[in-house]
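Trainee: Can you go through this one with me? I'll ask as we go.

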Amino acid sequence: MSRRRGEASTPRKRNKKGQEKASTRRFRPRQTWPPGAVPRRRGGSREGDSNGAWRAAAPRSGPVMESKAAARTLPSAGRLSGAARRSRGPLFGRAHGRFGQGSAGGPLPPCSQENADPQKTAFLLRKQWTLYSVTPLYRFSSANLKEYARLLGAFIAAEKQKGLAVEVGVDLDIKVTFSSLPDLRGSDQDQAAMLVQLSSRSSVSPKNSEEKLMWSGWFCCVSGDDLSENVPEDFTCLPLFLANGAESYVAIVGSWFQKTFDCRFCRLAISPLNLTWMAAMWTGCKVEKNASATELVFSVPCLPQPLDISYAIHPEDAKALWDTVQKTPGEITQEEVDLFMDCLYSHFHRHFKIHLSATKLVKVSTAIASAHCDGIIKFLQSKYLIGVLMLLTELAISQIQ
Amino acid sequence: MAVVRPFDKLPALNSATVLLVGSDESLQQKLAEAILKEKKSFKISIHLATSLPLPSERDHLRPRIDLIAFMIDIKSKYSLKNVEASLAHVDASFFLGKVCFLVTGVGRVNYCSVQTNAVWKLGEVYCSPVLYCELELEGIRVATAQRLLRMLQICSGQIPGISALSFGSLIRNSADE
């Protein structure tokens with residue numbers, strides 16, 4: 001491929017058949033850098049080059065990044081058709097031992113493809129869920145859900161009377177529903193997932209207005225055998241809690257559960273190490289044609305102005321890379337994850353002279369799900385919902401123990 | 001000279017030198033200042049480097065290095081890679097008690113990008129003690145400086161009766177228990 005001086009090449013990868021696949025790379029800083037260095041965006045054909053201002057960072061020994069580096073978006077390139085795509089089976093399992101702490105992989109349990117009825121769980125997709133870990137609930141029984149709903153409703157009304165108004169102005173009647181989601185579990189030993197929903201109806205004209213869903217939260221446990229085997233009787237294990245809606249309702253509902261069942265809610269954060277595992281595992285999953293790009297967001301520390309680097313990879317390129325790294329189907333080791341990330345980092349370094357390994361990975365988004373290190377998750381495909389929940393349950397359990 | 005050797009130069013009277021190798025320069029600076037503030041009975045010189053090998057131009061001006069402390073930040077995988085690459089430039093006889101690994105940033109579990117297993121294995125392979133600390137905090141920084149100063153005293157032979165090797169194996173045995 002001919003190169004023009006001063007132009008960085010569109011990065012290319014070759015797969016086994018020697019056919020070319022181009023990939024998309026984007027580097028978007030949040031702030032524009034010192035004068036003259038305005039990031040230029042270009043989309044469109046592969047031939048469009050950006051001869052915008054781009055000075056490569058001068059490499060020093062062991063730099064993180066040169067503060068004068070300008071940003072530029074590489075042109076997004078089309079993919080040559082006919083590239084072979086090796087597809088493995090729907091590969092989604094977890095590594096042997098504690099996720100993120102175990103170093104060697106062992107034989108995995110068969111990947112969970114038998115899933116919930118997609119319609120029933122459709123409302124869980126494409127919403128941002130905040131993660132919490134919950135210690136086992138004492139004397140919880142799934143037969144008394146209506147009773148719990150009534151008690152929680154009364155508690156919320158009492159809180160409002162006390163003056164802990166959650167919404168100023170509009171006076172709302174809050175209705176609580178508890179329901180069970182029996183399909184969201186890994187095996188029969190797991191407790192069935194439980195959903196709590198708060199819907200509001202304007203108390204001014206109760207006949208006219210409709211019920212609007214204000215807040216929802218659900219407890220679940222997928223393959224939580226490590227925890228449920230070790231707790232005594234009377235305790236129910238539902239270590240993962242996901243909430244969507246106003247933060248104040250989480251506090252109210254959380255305090256009711258803590259008072260009633262003697263449990264403890266704790267915000268679940270995801271460390272960068274666990275995020276790299278998620279990136280590697282979700283990249284390995286087979287997705288359909290128009291899948292969204294795999295995107296990794298990094299935050300650069302120790303700078304006067306905060307800088308975020310977003311690294312987007314064509315999903316099939318990412319999958320091809322992961323397929324060459326992974327040796328045994330159904331088994332993932334820490335070394336393979338490290339190698340996968342190192343390949344991505346060194347590729348980025350070759351083009352931008354920035355060591356991504358010195359930055360902090362804050363967000364991973366693939367076609368399957370997207371996870372943020374503050375403990376925020378978004379499910380994008382119901383096919384892999386159980387698999388992602390299994391990972392999150394493992395994280396929650398390791399935080400509790 | 002490509003490789004740092006422990007005994008290729010003559011020792012100076014009543015003085016010791018420590019070399020801090022790590023990718024985070026500001027943290028190295030802070031630790032060096034904390035070491036210098038400590039009360040000590042001998043002359044100390046602290047050399048800071050981001051990676052090895054050290055440039056050979058000034059090699060004749062450098063004193064004999066008594067202790068090398070490799071600093072690894074658990075929040076940055078890059079620092080681990082940097083240290084691993086630098087370890088190749090250290091002579092094997094240095095690892096008889098004159099090297100230690102300082103792991104910083106351990107206060108915040110949710111920020112870790114490096115597996116603690118990997119660091120522990122590094123300490124095992126190179127037979128050197130691994131000290132965990134959080135250099136961002138003032139108190140721990142002072143405590144770490146005191147520990148390093150003590151180790152430096154032993155490694156430079158200022159304390160009669162204890163050699164660097166015996167001290168190193170003492171630390172490792174007590175860590176195993």
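Trainee: What share of the residues of chain A count as buried?

Mentor: Of the 401 residues in chain A, 50% are buried, meaning under 20% relative accessible area, with exposed over 50% and partly exposed in between (1.4 Å probe, protein chains only). This is a predicted model, where local features need pLDDT of at least 70 and side-chain atom pairs count only at pLDDT 80 or more, while totals for chains, interfaces and linings use all residues. Residues are numbered from 1 along each chain as its sequence is written, chains are lettered from A and ligands numbered from 1 in the order in which they are written, and side-chain values use heavy atoms, with hydrogens and water left out.

Trainee: What does the model score, and what is the mean pLDDT of chain B?

Mentor: The scores are ipTM 0.84 and pTM 0.74. Chain B has a mean pLDDT of 88, and 98% of its residues reach 70 or more; pLDDT is the predictor's confidence in each residue, from 0 to 100.

Trainee: How many helices and strands are in chain A?

Mentor: Chain A has eight helices and 15 strands. Both are DSSP runs numbered from the N terminus: helices are H or I with at least four residues, strands E with at least two. Among contacts in chain A between residues at least 6 apart in sequence, 71% join residues at least 24 apart, a contact being heavy atoms within 4.5 Å.

Trainee: Aromatics next. How many pairs over all chains?

Mentor: The count is 27 aromatic pairs over all chains. Rings of Phe, Tyr and Trp (its six-membered ring) pair if their centres lie within 6.5 Å; planes under 30 degrees apart are stacked, over 60 edge-to-face, and the rest tilted.

Trainee: Why is the pair Phe219(A) and Phe265(A) edge-to-face?

Mentor: Because the planes of Phe219(A) and Phe265(A) are at 75°, with the ring centres 6.0 Å apart. Phe219(A) is in strand 7 (residues 212–220) and Phe265(A) in strand 10 (residues 265–267) of chain A, so the pair ties together parts 46 residues apart in sequence.

Trainee: Are those two buried or exposed?

Mentor: Phe219(A) is buried at 0% relative accessible area, and Phe265(A) is buried at 12%.

Trainee: What about Phe298(A) and Tyr345(A), which kind of pair?

Mentor: Their centres are 5.9 Å apart and their planes at 70°, so this pair is edge-to-face. Phe298(A) lies in strand 11 (residues 294–300) and Tyr345(A) in helix 7 (residues 334–352) of chain A, 47 residues apart. Both Phe298(A) and Tyr345(A) are buried.

Trainee: Which charged end sits over the ring of Tyr111(B)?

Mentor: That of Lys360(A), 3.7 Å from the ring centre of Tyr111(B). The rule is NZ of Lys or CZ of Arg within 6 Å of the ring centre and within 35 degrees of the ring normal. In chain A, the charged end of Arg267(A) sits over the ring of Tyr132(A), 5.8 Å from its centre. Tyr132(A) also belongs to a cluster linked by ring pairs, whose members include Trp215(A), Phe219(A) and Phe265(A).
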